[in-house]
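Hi,

Here is the structure I promised to pass on. Have a look at it first, and then read my notes below.

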Amino acid sequence: MKTSTAVAASLLTMASAVGAQDLPKPASTLSRAVATAVNMQPAIPRPEQDAAAAEKLDAFVDATGQRPNIVIFIVDDMGYGDPGAFGGGGMIGAATPNMDQLAAEGLKLTSTYSQYTCTPTRAAIYTGRLPARTGLIRPILAGDTITVNPWEGELSVAGLLSDAGYHTMLVGKWHIGETEGMRPHDVGFDEFYGFYKAQKEYTQDVYQMRFPDLALDPDKLERYHAIGSNNDLIYGLKDGTTETVETIDSLQDMAEGDRKLRDYTLTRIEELATGDKPFLISHSFMKVHADNFPSEEFKGTSASKFPYRDNMVEVDAYIGDIVAKLDAVGELENTFVFVTSDNGPQMDSWPDSGYTPFRGAKGTTWEGGVRVPGIAYWKGMIAPGRVSDGLFDLMDLFNTSLALAGVTPDVLPDTSYFDGIDQSSFLLMDDGESKREQVYNWLGAQLAAMRMREYKAHLLVSLAQEKFLYIDMATVVPTGLAPWLFNLYIDPKEEYPVGHRMNAWTASLGAELKAHAATFKAFPPKDLGL
């Protein structure tokens, strides 16, 4: 496995191997990003920062004799404002002391971006590629007919780290395909313990109060079950082993789902700590995706007493338990931890939903739909008390994880375009700055918006036709002659466009959007037939 310094050198080699005349140039004078390869997202050069971070990581490896463990917590549908560290917590009746402590003792990223819904974000994290490229723009549901396996030809971060000597494990929600060839243990994870679908999909056939026309109608219920969707808690291994641990057939079964996931991760951390391999664990909660049913232990434990808030307390407690276990087995100082959400809150299910201070929600590319909490923690390696507004796209976890694991970018095929950026030096250095210049927001297969520095330009906008109904009663409309342009520093809620009348960079942002769209011509996306 190569040293971190070698990884940094490999990037420079890649850049020099491709003639400068062949590399795409910045589309506008506003952009600081520089391309190092025709198939990689341009990044802001930070050579001194990269070199210092590489030395810091190499010193860690020399001292410990291994690469760091990586633990990524993905909370389902948690809003930007749900954790106390991001403005919620006790203020909204659901204290989150464990997430708040990680933010206080690590790096709080206030401009972290997801995709607009669950499946696209998870696909982006694991592949480092925009969902519009892989075709994973929405869940592949039972009954869907697709023309190609979206994972065909894709490399997952789990598979790449497994090849590099890691034990890779996904615990919890997957939601990126449940048929053979698309399951976690088919696409690179050494081990899977969890659920293929979202929480709601396991309970709607037994939730009589919410879905009486399904749960109480024998004919519809029989037809629903005939679809053949998997309703099990699954255990799977890379060798193809796939076993049913338990079938979910009651609301209480689902209520206790995250407790079982927590218990499994605790057990495996204790076992893995005795081995000689570093590990990657994606602990992906089922909660707080609607419909929310608190575990018996957590009913009424939030000040709010509402199920969503009780479940926020539960999720926070489990994050605390898992971090405490890392500490107890002597692995905390060896582990990079990241806490985030897969998108903004699902306001359609209000009041069974989270909180965001921004406009919009899940299902939109407004800030409320794609701006999520981001916490990077690594005891002894990430300085406590840091806060940064530097751009961080959750796709960057792909490239950053590779860098932490010592996997050089030359393992990535030049036939695919990679949208993630290695942000390890941003996270590790006390004065680290982001290397990301742009965040692109897609609505399915349509480019909808882009953030660049403090500016956000919309080509398409989702307009709710009724309060909170951003999925069930919204229209998507083009923005007209010019993009709707917002300055997020003066208008973080995107209430009033500044447009070309008040901003000198409108044309520059348009040029950047066109340049991004052009990468899809050079590297055609997959069409799954969805």
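**What I found**

Let's start with helix α11, which covers residues 257-272: its 16 residues reach 22 Å from the first C-alpha to the last, close to the 22 Å expected at 1.5 Å a residue. That expected span is 1.5 Å times one less than the number of residues in the helix. Helices here are DSSP runs of H or I with at least four residues, strands are runs of E with at least two, and both are numbered from the N terminus.

Before going further, keep in mind that this is a predicted model, where local features need pLDDT of at least 70, side-chain atom pairs count only at pLDDT 80 or more, and totals for chains, interfaces and linings use all residues. Residues are numbered from 1 along each chain as its sequence is written, and side-chain values use heavy atoms, with hydrogens and water left out.

Back to α11: its buried residues include G257, D258, K260, L261, R262, Y264 and T265, and L266, R268, I269 and L272 are buried too. (Buried means under 20% relative accessible area, exposed over 50% and partly exposed in between, with a 1.4 Å probe and protein chains only.)

Now the whole chain. The protein chain has 17 helices and 17 strands. Its radius of gyration is 22 Å, close to the 24 Å that the globule rule gives for 530 residues, so the chain is as compact as a globular protein of that length. (The radius is taken over C-alpha atoms, and the rule is 2.2 Å times the number of residues to the power 0.38.) Along its principal axes, the C-alpha trace spans about 65 × 60 × 50 Å. Buried residues make up 61% of the 530. Of the contacts (heavy atoms within 4.5 Å) with a separation of 6 or more, 71% are between residues 24 or more positions apart.

A few backbone spots are worth a look:

- The loop between β7 (279-284) and α12 (307-328) holds V288, and the peptide bond from K287 to V288 is cis, with omega near 20°.
- D291 is in the loop between β7 and α12; the A290 to D291 peptide bond is cis, with omega near 5°.
- D77, in the loop between β1 (69-75) and α3 (97-104), is not a glycine but has a positive phi, near 70°. D77 is buried, at 2% relative accessibility.
- E494 sits in the loop between β17 (484-487) and α16 (499-502). Phi of this non-glycine residue is positive as well, near 50°, and E494 is buried at 0% relative accessible area.

Cheers
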